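Work through the exercises below with the sequence and the model open. Each task is followed by a stepwise solution.

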Amino acid sequence: MRKQQISALMDGELFDDDAEALLDVMKRHPEADEDWQTYHLIGDILRQPDQAHADISAKMRARLQAE
């Protein structure tokens with residue numbers, strides 16, 4: 001559920017109260033912050049695939065397949 005909320009926050013699809021609650025959770029839980037960083041990395045790679053380093057692409061592909 002939290003991963004879906006992080007994705008929605010990045011897309012600007014959360015209401016302000018929900019966004020604030022999620023940001024509070026992310027401050028207290030490092031794994032949520034890691035998800036935030038991972039989703040941003042995925043977005044960066046999707047927008048500019050030619051700029052992605054081969055190692056990063058392979059690692060991200062493996063993580064996406066694991067989900």
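**Exercise 1: the fold**

Read along the sequence, the protein chain runs α-α-α-α. The model is predicted: local features need pLDDT of at least 70, side-chain atom pairs count only at pLDDT 80 or more, and totals for chains, interfaces and linings use all residues. Residues are numbered from 1 along each chain as its sequence is written, and side-chain values use heavy atoms, leaving out hydrogens and water.

Task: state how many helices and strands the protein chain has, and what share of its residues is buried.

Solution. Step 1: helices (H or I, at least four residues) and strands (E, at least two) are DSSP runs, numbered from the N terminus. The count is 4 helices and 0 strands.
Step 2: buried means under 20% relative accessible area (1.4 Å probe, protein chains only). Of the 67 residues, 22% are buried.
Step 3: the C-alpha atoms fill a box of roughly 40 × 20 × 20 Å along the principal axes.

**Exercise 2: an aspartate in α3**

Task: is D35 buried or exposed, and which residues does D35 contact beyond its neighbours within four places in sequence?

Solution. Step 1: locate D35 in helix α3, residues 30-47.
Step 2: D35 has a relative accessible area of 10%, so D35 is buried.
Step 3: take contact as heavy atoms within 4.5 Å. Leaving aside neighbours within four places in sequence, D35 is in contact with R2, K3 and I6.
Step 4: for the chain, among contacts between residues at least 6 apart in sequence, 42% join residues at least 24 apart.

Methods:
Buried < 20%, exposed > 50% of the residue type's maximum accessible area, 1.4 Å probe, protein only.
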